[in-house]
Amino acid sequence: MSVIRSAVTGVGAYLPEQVVTNADLAEIVDTSDEWIVERTGIRQRHRARDDQPTSDLAVEAAKKALAAAGKTPADVDLIIVATTTPDMTFPATASIVQRKLGAPTCIAFDVQAVCTGFVYAISVADGFVARGNAKCALVIGAEEMTRLMDWTDRTTCVLFGDGAGAVVLEPVEGQGTPADRGILGFSLRSDGTKTDLLYVDGGPSTTGTVGHLRMAGNQVFRHAVVNIAEAVTSAAEAAGIEVSDVDWFVPHQANQRIIKGVGDRLGLDEDKVVSTVARHANTSAASIPLALDAAIQDGRIKPGDMVLLEAMGGGLTWGACAFRL
């Protein structure tokens, strides 16, 4: 039986020019390169200019994804931006991206699930594309997490960076089996009782301020390893595959210890795990498409490979997605 699936046909990424090293941070907060690397695996991160809003990063990543897919902005009929750091409270950053790209009138909105935002956004876009309601969807993860940092808090300010990644989704015909190209399975979760473990202490209807990111790191770590592994197993089951069938595991780039912990719990060979956290730090919803693009650009991930994505973020939210490129 033939089915329509949504397939990733193009991937693109963009990082701001400014690179902030661990040594740079050691000049403004009580930390060191050794302390940061030992606990997180991070060596540097990128930071947007003051005059460079999130939409600018998103547009650059989107242009590259469209070019990789052989498409132009005129082809786009759906734009979803996963972001925690929108240009404005409203309109949606997706609408601003639509204008800056010069895309035609189409569906455009944002998704907010913090670090899990890209996985959530992919699932939403899949609902449009696989059901014939969109033929060329742009799904973008774009963040300027450095805007949310308390630069006196060394436990959080060393962890995050800015960047954007994007994918193009288009409909493809398959046979309804795990051998099909396209998105095969999802697993999405949220537990609002854990809000106090990772949050920003501001908002329009509470403090009237943007606020700063706050995190109970040890507790987030414990939840991450257990919950992510469960979601990955569930997504693989929904896709009709075993975790061992996965060619590449592209996790949210939060912390190298979490990445290794999840990979070990799942029994994945370290050579199958894509890690860019040392170069990019935690870019929240942008981290997965940034890592995916890096692995495609260097030739590791190839057409036909089975890829598994996962993330966990504030909410707490977490989730996974399996697809064949």
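## Salt bridges and two buried residues

At 15% relative accessibility, Asp-150 falls under the 20% cut-off, so this residue counts as buried. Its salt-bridge partner is Arg-214, with the closest N and O atoms 2.9 Å apart. This is a predicted model, and it holds 14 salt bridges.

**Arg-5 and Asp-180**

- Arg-5 makes a salt bridge with Asp-180, and the closest N and O atoms are 2.9 Å apart.
- Here too the pair links distant parts of the chain, 175 residues apart.
- Arg-5 comes from strand E1 (residues 3–14), and Asp-180 from the loop between strand E7 (162–174) and strand E8 (182–190).
- Both Arg-5 and Asp-180 are buried.

- Arg-49 and Asp-51 join their side chains in a salt bridge, at 2.8 Å from N to O.
- Arg-49 is partly exposed, at 43% relative accessible area.
- Asp-51 reaches 57%, past the 50% cut-off, so Asp-51 is exposed.
- Elsewhere in the list of bridges, shared partners join Asp-50, Glu-144 and Arg-147 into one network.

**Around Thr-31**

- You'll find Thr-31 in the loop between helix H1 (22–26) and helix H2 (33–40).
- Its relative accessible area is 12%, so Thr-31 is buried.
- Setting aside neighbours within four places in sequence, Thr-31 is in contact with Leu-25, Ala-26, Ile-36, Arg-154 and Val-158.

**Around Leu-292**

- Leu-292 is part of helix H10 (residues 287–297).
- With a relative accessible area of 2%, Leu-292 is buried.
- Not counting residues up to four places away in sequence, Leu-292 touches Val-11, Val-167, Val-250, Ile-301, Val-307 and Phe-323.
- Ser-275 is 17 residues from Leu-292 in sequence, and their C-alpha atoms are 9.5 Å apart.

Methods. Residues are numbered from 1 along each chain as its sequence is written. This is a predicted model: local features need pLDDT of at least 70, side-chain atom pairs count only at pLDDT 80 or more; totals for chains, interfaces and linings use all residues. Side-chain values use heavy atoms; hydrogens and water are left out. Helices (H or I, at least four residues) and strands (E, at least two) are DSSP runs, numbered from the N terminus. Buried means under 20% relative accessible area, exposed over 50%, partly exposed in between (1.4 Å probe, protein chains only). Contact means heavy atoms within 4.5 Å. A salt bridge is a side-chain nitrogen of Lys or Arg within 4 Å of a carboxyl oxygen of Asp or Glu.
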